[in-house]
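Reader: I keep hearing about helices packing against each other. Could you show me how to read that?

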Amino acid sequence: MQTPATGFPELTELGKQIEVLRIERGLSKQALAKIAGTSRQQLWRVMTGKSELTAPLKIRLADALHVHSFAVRDTPTRSTTTTDLARAAAVDIASYLADAAAIEGTLRTMPDGDAGRALKRRYLDLLEECAMHERRALDAAFFELRRRVVAGEL
């Protein structure tokens, strides 16, 4: 009798990480690939180590999985467990508030038009509230994002 396979035998550590995050978010491989702007086959090649994870794909995958790009690591420093993945995916608010590119990435996932602009403004308001609660100063890049949202540029 053959023993059933456990875990993710064909996946690299990166592949396991992506798979756990994908499942936690309730996304199919096809949906994740589509949102990340790649094919399911290319996603599988990256997850199995047959293809390298490029920086642009890493950013798109992180955006699609709603995690900071730090959470998608192609070279883990030690054996990765599900708990490690959860910790990596849970970016602390201070790091997020300091990363204007991550905030812009989130804003770009939101709808366009008047309703989208209103949503983006409310989101930025919430981030400001979080910064005040955490007693964190926001840098000029954050306020430039707000200006671009109000002007309809983002």
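Reader: Let's start with helix 7 and helix 9: at what angle do their axes cross?

Author: Here's the general idea: a packed pair of helices is described by two things, the angle between the axes and the distance between them. In this predicted model, the axes of helix 7 (residues 100-108) and helix 9 (residues 140-150) cross at roughly 20° and come within 9 Å. Angles under 35 degrees count as roughly parallel, so helix 7 is roughly parallel to helix 9. Their crossing is right-handed.

Reader: Okay, and which residues in helix 7 meet helix 9?

Author: On the helix 7 side you'll find A100, I103, E104, L107 and R108, and they meet A141, F142, L145, R148 and V149 in helix 9. Sort the residues of this contact by type and you get 7 nonpolar, 3 charged and no polar.

Reader: Now helix 8 and helix 9: at what angle do they pack?

Author: Helix 8 (residues 113-133) packs with helix 9 at an angle of about 160°, and the axes are 9 Å apart. Angles over 145 degrees count as roughly antiparallel, so that's the label for helix 8 against helix 9. This crossing is left-handed.

Reader: Which residues make that contact?

Author: Helix 8 brings R117, K120, R121, L124, D125, L127 and E128, while helix 9 brings F142, F143, L145, R146, V149 and V150. By type, the contact of helix 8 with helix 9 has 7 nonpolar residues, 6 charged and no polar.

Key
Residues are numbered from 1 along each chain as its sequence is written. This is a predicted model: local features need pLDDT of at least 70, side-chain atom pairs count only at pLDDT 80 or more; totals for chains, interfaces and linings use all residues. Side-chain values use heavy atoms; hydrogens and water are left out. Axes are lines fitted to C-alpha atoms, for helices over the stretch in contact, and angles run from 0 to 180 degrees between N-to-C directions. Helices (H or I, at least four residues) and strands (E, at least two) are DSSP runs, numbered from the N terminus. Angles under 35 degrees count as roughly parallel, over 145 as roughly antiparallel, 65 to 115 as roughly perpendicular and the rest as oblique. A crossing is left-handed if the near helix is turned anticlockwise from the far one by less than a right angle, and right-handed if clockwise. Contact means heavy atoms within 4.5 Å. Ala, Val, Leu, Ile, Met, Phe, Trp, Tyr, Cys and Pro count as nonpolar, Asp, Glu, Lys and Arg as charged, and the others, Gly among them, as polar.
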